[in-house]
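Here are some friendly notes to read alongside the model. Please have the viewer open as you go.

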Amino acid sequence: MATLLEAIYAKYFSPSESDFSHIDIKFYFTSFDKQKDVSECVGETLVMDNCGIAGFGSENDLRSICGRVKELSVSGNVIEDWNEVAKLLRTMELFWLNLSKNPLSEICQLSDIECNLRTLVLNQTSSKSTCASG
């Protein structure tokens, strides 16, 4: 299972460059060949549906790679942990987040998170819509 950051790298760079089995992922985010920086590829809207994402990676890397993202769709992945979602919301300034079709637990603990989120999509999850505060 991948993190959001690994999936972004795999999406924007060739498959042969996305093998993380023997190299620390931070190497890829600080030094790219082809003079291409992954943060330049990631705009305000990011769709990473059905990528096998289970988590989101480190907060520092999220800030540097996804700092411009305002709308994020990670539908159809394998995200189970609300703590990972909370980390994402604390780190990024998202207005819209789609978590549909993820095996999230029924108990949601996001009501105490201070964030700019306006829309949280939870279609086909076992989570209750009461987890988002108004």
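This is a predicted model: local features need pLDDT of at least 70, side-chain atom pairs count only at pLDDT 80 or more; totals for chains, interfaces and linings use all residues.

1. Residues are numbered from 1 along each chain as its sequence is written, and side-chain values use heavy atoms, leaving out hydrogens and water.

2. The protein chain has five helices and six strands, taken as DSSP runs numbered from the N terminus (helices H or I, at least four residues; strands E, at least two). Their order from the N terminus is β-α-α-α-β-β-α-β-α-β-β. Of the 134 residues, 44% count as buried (under 20% relative accessible area; exposed is over 50%, partly exposed in between; 1.4 Å probe, protein chains only).

3. In helix 4 (residues 59–66), the buried residues are Asp61, Leu62, Ile65 and Cys66. They fall within an arc of 105 degrees seen down the helix axis, so they line one face of helix 4; the arc is that of the directions from the axis to the C-beta atoms.

4. What does helix 4 meet in helix 1? Leu4, Leu5 and Ile8 of helix 1 meet Asp61, Leu62, Ile65 and Cys66 of helix 4, with contact meaning heavy atoms within 4.5 Å.

5. On the cysteines, the count of disulfides is zero, a disulfide being a pair of cysteine sulfur atoms within 2.5 Å. Cys51 counts as partly exposed because its relative accessibility is 32%, and Cys115 does so at 34%.
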